[in-house]
Amino acid sequence: MRLVATSDLQEDTTLARDILTGRDAAPLLRAGAKLNARFIEHLNRAGILGVYVEDQYSQGIDSQPVISGQTRGLATRAIAAVYDEAKRCVASGRTLEPEATDELSDVVDQILLEIEELDGKAVVLADLCAADAYNLQHPIDVTALGLLIGRRLIIEHGWLDYRGERQDDRHEERLFRLGMGLLLSDIGKLAIPEAILNKPGKLSEEEWEIVKTHPKAGVRLVRDTGAWCPLVQACVLRHHERWDGTGYPEGKSSTEVHEMARIAAVADVYDAITSERVFAPAKPAHVGVQAILAGAGTQFDPTIIDVFSRRVAPFPPGVEVELTDGRRAVVVSVSELALDRPVVRVISGVGGPASPVDISLTADPGIQIAGWNPAPAGYSAQAA
């Protein structure tokens with residue numbers, strides 16, 4: 001399968017993956033459907049920017065999502081239910097009861113299981129949802145990426161206890177707490193007026209200050225009860241803090257910020273960059289990777305970025321790329337040892353269509369992917 005922009009879809013193309021949209025993640029179209037003009041128009045109206053298809057150029061390409069459609073559906077329904085209850089709590093000034101998040105436990109367990117099964121494979125992290133689905137899909141994607149990073153970090157380095165010492169036991173318990181914190185990290189946004197959250201243009205200074213209150217609003221929802229783990233609260237409160245102290249809500253820096261929140265910061269910014277939002281279009285995976293790598297040692301914990309750089313492929317299987325000589329190609333496969341040097345299938349030459357041919361960029365270092373710079377300068381990795 002390969003990813004094709006909705007604007008480039010042709011009639012009679014076969015869908016390779018369900019198109020999920022809406023509050024309950026119900027499929028808008030099922031895999032195997034043949035596209036026609038009416039279906040393509042529906043996709044455009046729904047704000048779906050790209051879909052996976054099966055065609056002559058995609059044979060043998062396995063574009064594996066980090067979580068399955070079934071798990072995404074389970075997570076979407078669970079998050080929606082928690083958010084509904086949280087909205088009622090915000091309105092009445094109550095604290096969210098732990099029982100309201102019971103279904104989230106199943107979501108975390110399922111995501112962890114799927115991540116373990118995918119260990120070492122290059123995965124696709126984008127969900128391709130429209131901007132109006134961002135608020136529900138963002139915490140799911142942040143959780144998937146955060147657990148992907150966190151699992152490898154704990155395997156390689158252990159985890160930090162309250163004394164700042166590394167421990168090498170209870171991995172699953174630690175990852176479960178991280179997953180719950182990631183799923184709930186943006187729950188405080190429910191206390192922010194929707195007119196501000198969904199504003200299509202730039203926020204005023206006053207509006208931005210209101211947005212920056214959401215970490216503390218989130219902690220108010222999950223505090224005052226012994227069942228809420230402090231590790232969950234750390235993700236909720238600190239996921240917008242930065243390694244160099246330039247984040248919010250309190251400008252904490254370095255190890256003042258809990259390691260779990262430092263993982264959440266990376267996952268949050270990457271997904272924000274690569275997702276469609278009402279005020280910003282989705283960027284390709286390699287742009288998100290570039291931005292995260294550029295923030296190592298300033299915006300983000302360098303150790304976490306080292307793990308990120310070895311787990312997240314800038315050009316995952318199925319995406320189309322342009323080579324520096326002007327040819328177009330589709331990524332066929334990615335080696336864990338060289339994430340930015342995939343095997344690509346050339347599908348067009350400088351002058352037009354070409355017979356498909358696979359090329360290993362690792363074997364031929366003279367061929368480069370246009371626009372790839374792993375460390376661009378001047379990027380400030382801050383996302384609302």
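These are my notes on a few places I looked up in the structure.

**Ground rules.** The model is predicted, so I note that local features need pLDDT of at least 70, side-chain atom pairs count only at pLDDT 80 or more, and totals for chains, interfaces and linings use all residues. Residues are numbered from 1 along each chain as its sequence is written, and side-chain values use heavy atoms, with hydrogens and water left out.

**Entry 1: Val4.** I began at strand S1, residues 2–5, where Val4 lies. Strands here are DSSP runs (E, at least two residues), helices likewise (H or I, at least four), numbered from the N terminus. Is Val4 buried or exposed? Val4 counts as buried, at 10% relative accessibility. The cut-offs are under 20% relative accessible area for buried and over 50% for exposed, with partly exposed in between (1.4 Å probe, protein chains only). I then listed the contacts of Val4, leaving aside neighbours within four places in sequence: Leu9, Leu49, Gly50, Val51 and Val53. Contact means heavy atoms within 4.5 Å. Val53 is 49 residues from Val4 along the chain, yet their C-alpha atoms are separated by 7.0 Å.

**Entry 2: Glu259 and helix H10.** Next I went to H10, residues 259–274, which holds Glu259. Glu259 is buried, with a relative accessible area of 9%. Not counting residues up to four places away in sequence, Glu259 touches Leu153, Trp159, Leu160, Arg166 and Ile304.

I followed H10 to helix H4, residues 134–157. Their axes come within 8 Å and cross at roughly 130°. That makes H4 oblique to H10. Axes are lines fitted to C-alpha atoms, for helices over the stretch in contact, with angles from 0 to 180 degrees between N-to-C directions. Under 35 degrees is roughly parallel, over 145 roughly antiparallel, 65 to 115 roughly perpendicular, and the rest oblique. On the H4 side the contact residues include His138, Leu145, Ile149 and Leu153. On the H10 side they include Glu259, Ile263, Val266 and Tyr270. By class, I noted 10 nonpolar, three polar and four charged residues in this contact. Ala, Val, Leu, Ile, Met, Phe, Trp, Tyr, Cys and Pro count as nonpolar, Asp, Glu, Lys and Arg as charged, and the others, Gly among them, as polar.

Entry 3: Last, I checked strand S10, residues 338–349. How many of its 12 residues are buried? The count is 10, so S10 is largely enclosed by the rest of the structure. S9, residues 328–335, runs antiparallel to S10, and six bridges join them. Pairing takes at least two DSSP bridges between strands. Val330 has Arg345 of S10 as its bridge partner. A hairpin of two residues links S9 to S10.
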